[in-house]
Amino acid sequence: MKFLIVGLGNPGNEYAHTRHNIGFDVVNAFVMKHAGIFKNSRLAYVAEVKWKGKIFICICPTTYMNLSGKAVKYWADKEKIPLKNILVIVDEVSLPLNKLRLRPSGSDGGHNGLKSIHESLETTEYARLRFGIGNNYPKGMQSEFVLGKWFREDEPLVRLKIEKAIEVIENFATAGITMAMNQVNNKEFAV
């Protein structure tokens with residue numbers, strides 16, 4: 001049983017640990033927890049994790065956010081992973097910082113990474129975990145906020161939510177999406 005776990009973000013040190021790269025950070029944390037190692041491969045950093053009889057192909061696309069779909073399609077096809085076994089982790093400004101939301105499908109919500117995946121896969125029928133980053137920015141400053149580093153006071157909550165997101169990945173693969181959704185949707189996380 002193979003799963004494709006996709007963290008969305010941008011390659012390069014200037015984007016490391018920014019709000020927009022939380023997908024990379026979650027997938028990195030999952031791979032580290034399970035002692036996997038990333039390699040720079042075609043269109044993505046790739047790590048293979050084996051856990052509880054499952055194989056997780058974990059990718060952080062190196063295509064930049066707006067072309068994420070190319071990497072997702074390439075690795076889903078190469079590893080013969082069905083749509084129902086794909087999980088994409090993405091930042092979400094319309095969710096408050098204390099929320100995570102898992103959905104089996106849905107719109108791109110204006111997110112360029114998801115838009116690219118929809119175009120490449122020609123469907124919206126894949127799971128996505130939206131990591132709330134909040135919208136604590138002045139009017140017209142969304143881009144600077146999204147591409148900015150976390151506020152120091154938010155870091156403990158971000159770390160907690162990364163741990164919860166790892167649990168979502170594990171539950172998605174072992175217990176199924178409904179169970180995984182029940183464990184995080186409609187919860188407010190606090191430290």
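Let me begin with Asn21, which is placed in the loop between β1 (2–7) and α1 (22–33); helices here are DSSP runs of H or I with at least four residues, strands are runs of E with at least two, and both are numbered from the N terminus. This is a predicted model, in which local features need pLDDT of at least 70 and side-chain atom pairs count only at pLDDT 80 or more, while totals for chains, interfaces and linings use all residues. Residues are numbered from 1 along each chain as its sequence is written, and side-chain values use heavy atoms, with hydrogens and water left out.

Is Asn21 buried or exposed? With a relative accessible area of 2%, Asn21 is buried; the term means under 20% relative accessible area, exposed means over 50%, and partly exposed lies in between, with a 1.4 Å probe and protein chains only. Leaving aside neighbours within four places in sequence, Asn21 is in contact (heavy atoms within 4.5 Å) with Leu8, Gly9, Asn10, Tyr15 and Ala16.

I turn now to the chain as a whole. Its secondary structure comes to 6 helices and 7 strands, and from the N terminus the order reads β-α-β-β-β-α-β-β-α-β-α-α-α. For 191 residues, a compact globule would have a radius of gyration near 16 Å, and the chain agrees with this at 15 Å. That radius is taken over C-alpha atoms, and the globule rule is 2.2 Å times the number of residues to the power 0.38. The C-alpha trace spans about 45 × 30 × 30 Å along its principal axes.

Of the contacts in the chain with a separation of 6 or more, 69% are accounted for by residues 24 or more positions apart. Buried residues make up 52% of the 191 residues. The chain exposes about 9300 Å², of which carbon and sulfur atoms supply 51%; these areas come from the Shrake-Rupley method with a 1.4 Å probe.

The largest nonpolar core has 40 residues, among which Ile5, Phe56, Leu87 and Phe131 touch the most other members. Such a core is a set of buried Ala, Val, Leu, Ile, Met, Phe, Trp, Tyr and Cys residues joined through side-chain atoms within 4.5 Å. Helix α5 (residues 155–174) contributes the largest share of this core, 9 residues. A second, separate core of 20 residues includes Val46, Val88, Leu114 and Leu121.

Which residues does Ile5 touch, not counting those up to four places away in sequence? They are Val27, Phe56, Ile57, Cys58, Ile59, Leu87, Ile89 and Ile169.

Leu160 is also placed in helix α5. At 25% relative accessibility, Leu160 counts as partly exposed. Apart from neighbours within four places in sequence, Leu160 is in contact with Phe189, Ala190 and Val191. From Leu160 to Glu170 there are 10 residues in sequence and 16 Å in space, C-alpha to C-alpha.

Finally, some backbone geometry. Most residues other than glycine have a negative phi. Lys80, although not a glycine, has a positive phi of about 55°; Lys80 lies in the loop between α2 (68–78) and β5 (86–92) and counts as exposed at 70% relative accessibility. Asn186, not a glycine either, has a positive phi of about 70°. Asn186 is placed in the segment after α6 (177–184), and at 71% relative accessibility Asn186 counts as exposed.
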